[in-house]
Amino acid sequence: DHRPLRTTPVENSPLQIFVKAKKKINDIFVEIEDYVDDAVDYMKSIEEGQQIIEQEQVKQTETFKAKVHGIRDVLARDHMKVAFFGRTSNGKSSVINAMLREKILPSGIGHTTNCFLQVEGSPTDEPYLMLEGSNEHCAVESVGQLAHALCKEKLNESQLVRVFWPRNRCILLRDDVVFVDSPGVDVSPNLDEWIDKHCLDADVFVLVANAESTLMVAEKNFFHKVSMRLSKPNIFILNNRWDASASEPEFLDQVRRQHQERGIDFLVKELKVCTPKEAEERIFFISAKEALLARLAEQGQNTTTPLAEGFQTRYFEFQDFERKFEECISKSAVKTKFEQHTQRGRHIASELKDVLDNIYSDAQKIKEDKLHQRKDLHDKMNYTEQQLMLITREMKQKIHNMVEDVEQRVSKALNEEIRR
Ligand code: GTP
Ligand code: MG
């Protein structure tokens, strides 16, 4: 098998759908914030000495500022969350490590992970962890230390330990993917609590199954519970430890077909979370152990481990899983997380528009009233003018008459004098 390995250029990653959408929606909220600020400033500047804007309207507009701010805060913390479940030792922690390209989480034979571990990107260069209910940063240098730190604490298996890993050490963490590792579903009676605490905001679930056996009742039950609480959760099934098939090549196709059929039936008929066509794109046959070793080798760390027959195919399938996973999680997160923000943003914009519309129509009314008053005045002035004109015309006539009268009288008097 000589298929070339996929090395994803960063810009090409489907995770960019989420990253870009997040940036875009944040930019829009920056604009809305500017717009609200401008509106508040403007309202305050004309508020004084005027009756156009009511105090109440200014206050209401100021609440939009707080709302926009709140949304931007939540948006900044929005991420894509993937949660891994499966029976003890199926390789959940190993899958996460392979995806992170580094041995971050403790893994090993027996019951290893004994509480919920969330790996998320940190802006600092040093990894640290935080226990539930505490803000204290505990430095961790290595997996050994991490395991030790986890052992030292008496942790309840539903408890969450957050592992902050430098963003610059992993593209997935840089692009806001958060990984949740869990204890085996077969070791806990508290599955409902797990779902309440850790699953409701997950965008994708990965069922890490063991290809050496088959899907177990404990695993199925857990996902039945999940799909009862969430509508159509996105579930991937990884048939891990597929490297074991290398030792029994004669059964490989047959076993694969069996796992594939059972997986599809589980997703389509039992959980009813997807169509048969979709289900085919959700089931993979991989080896997390090999994938991690290969990646460590790519980075020049170790490895002398001989890889079993068919490694390339399994590694290729692991990368195929990653790509489909990235597409699924970014689209799902954009939809579930940003749809709400968009609606709230639209609501704020339309409320602000209403306030401004009201102010505008109030102002318009005042203007019309004033115009009306002026028109009245104008009419009044016209009347007076006319009156004045009439009066002056009358006066003129009177004077004219008077003059004529005087003239007549004078000339009459003159004539009489002459006759005399
Ligand atoms: P718990 O935390 O105990 O629930 O187990 P887990 O599901 O996290 O499994 P973990 O990743 O700790 O793996 C258990 C053991 O299986 C480790 O020794 C791994 O090295 C080994 N392992 C994991 N994946 C594979 C695989 O694909 N092939 C083989 N051969 N071994 C694997
Ligand atoms: Mg584990």
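In this predicted model, nine strands form an open sheet of mixed pairing, and their order across the sheet is S4-S3-S5-S2-S6-S1-S7-S8-S9. The edges are strand S4 (138-139) and strand S9 (283-285), each of which pairs on one side only. The protein as a whole has 11 helices and nine strands. Among contacts between residues at least 6 apart in sequence, 78% join residues at least 24 apart.

| Strand pair | Sense | Bridges | Facing residues |
|---|---|---|---|
| S1 (80-85) and S7 (204-210) | parallel | four | Val82 and Val204 |
| S2 (116-122) and S5 (160-166) | parallel | seven | Gln118 and Arg162 |
| S2 (116-122) and S6 (177-181) | antiparallel | three | Leu117 and Asp181 |

Across S1, S7 and S8 lies helix H7 (residues 217-229), which runs at about 170° to S7.

Lys225 belongs to this helix, H7. Is Lys225 buried, exposed or partly exposed? Lys225 counts as partly exposed because it has 16 C-beta neighbours inside 10 Å, whereas a buried residue would need 20 or more. When its neighbours within four places in sequence are left aside, Lys225 is in contact with Leu191, Asp192 and Ile195. Lys225 and Asp192 are 33 residues apart along the chain, and their C-alpha atoms are separated by 7.6 Å.

The nonpolar interior comes next. In soluble globular proteins, nonpolar side chains tend to be buried together. Buried residues make up 31% of the 420 residues here, and the largest nonpolar core holds 72 residues, of which Val82, Val206, Leu207 and Leu238 touch the most other members. Helix H11 (residues 311-419) gives this core its largest share, eight residues. A second, separate core has 12 residues, including Ile25, Phe64, Ile71 and Ile348.

Val82 has Val204 of S7 as its bridge partner. Leu207, leaving aside neighbours within four places in sequence, is in contact with Phe85, Gly86, Glu219, Phe223, Ile235, Phe236 and Ile237.

Which residues around ligand 1 are the closest? The ligand is surrounded by 22 residues, and the closest are Gly91, Ser93, Ser94, Ser107 and Thr113. By class, the shell divides into three nonpolar, 15 polar and four charged residues. Helix H3 (92-100) and helix H10 (288-298) each supply at least two residues of the shell, and the largest share, three residues, comes from H3.

How many residues of H3 are buried? Nine of the nine are, so H3 is largely enclosed by the rest of the structure. Those buried residues are Lys92, Ser93, Ser94, Val95, Ile96, Asn97, Ala98, Met99 and Leu100, and among them Ser93 and Ser94 are also listed with the residues closest to the ligand. Directly beyond the helix, H3 is followed by Arg101, whose phi is positive, near 60°.

Arg241 has a phi of about 65° although it is not a glycine, and its place is in the loop between strand S8 (235-240) and helix H8 (252-270). Lys272, likewise a residue other than glycine, has a phi near 55°, and it is found in the loop between H8 and helix H9 (276-280).

Arg241 is buried because 23 other C-beta atoms lie within 10 Å, where 20 or more are required. Lys272 is exposed because 10 other C-beta atoms lie within 10 Å, and the limit for an exposed residue is 12 or fewer.

Conventions:
Residues are numbered from 1 along each chain as its sequence is written. Chains are lettered from A and ligands numbered from 1 in the order in which they are written. This is a predicted model: local features need pLDDT of at least 70, side-chain atom pairs count only at pLDDT 80 or more; totals for chains, interfaces and linings use all residues. A residue is near a molecule or strand if its C-beta atom, placed from the backbone, lies within 6 Å of it. Ala, Val, Leu, Ile, Met, Phe, Trp, Tyr, Cys and Pro count as nonpolar, Asp, Glu, Lys and Arg as charged, and the others, Gly among them, as polar. Two residues are in contact if their C-beta atoms, placed from the backbone, lie within 7 Å. A nonpolar core is a set of buried Ala, Val, Leu, Ile, Met, Phe, Trp, Tyr and Cys residues joined through C-beta atoms within 7 Å. Two strands pair if DSSP finds at least two bridges between them. Axes are lines fitted to C-alpha atoms, for helices over the stretch in contact, and angles run from 0 to 180 degrees between N-to-C directions.
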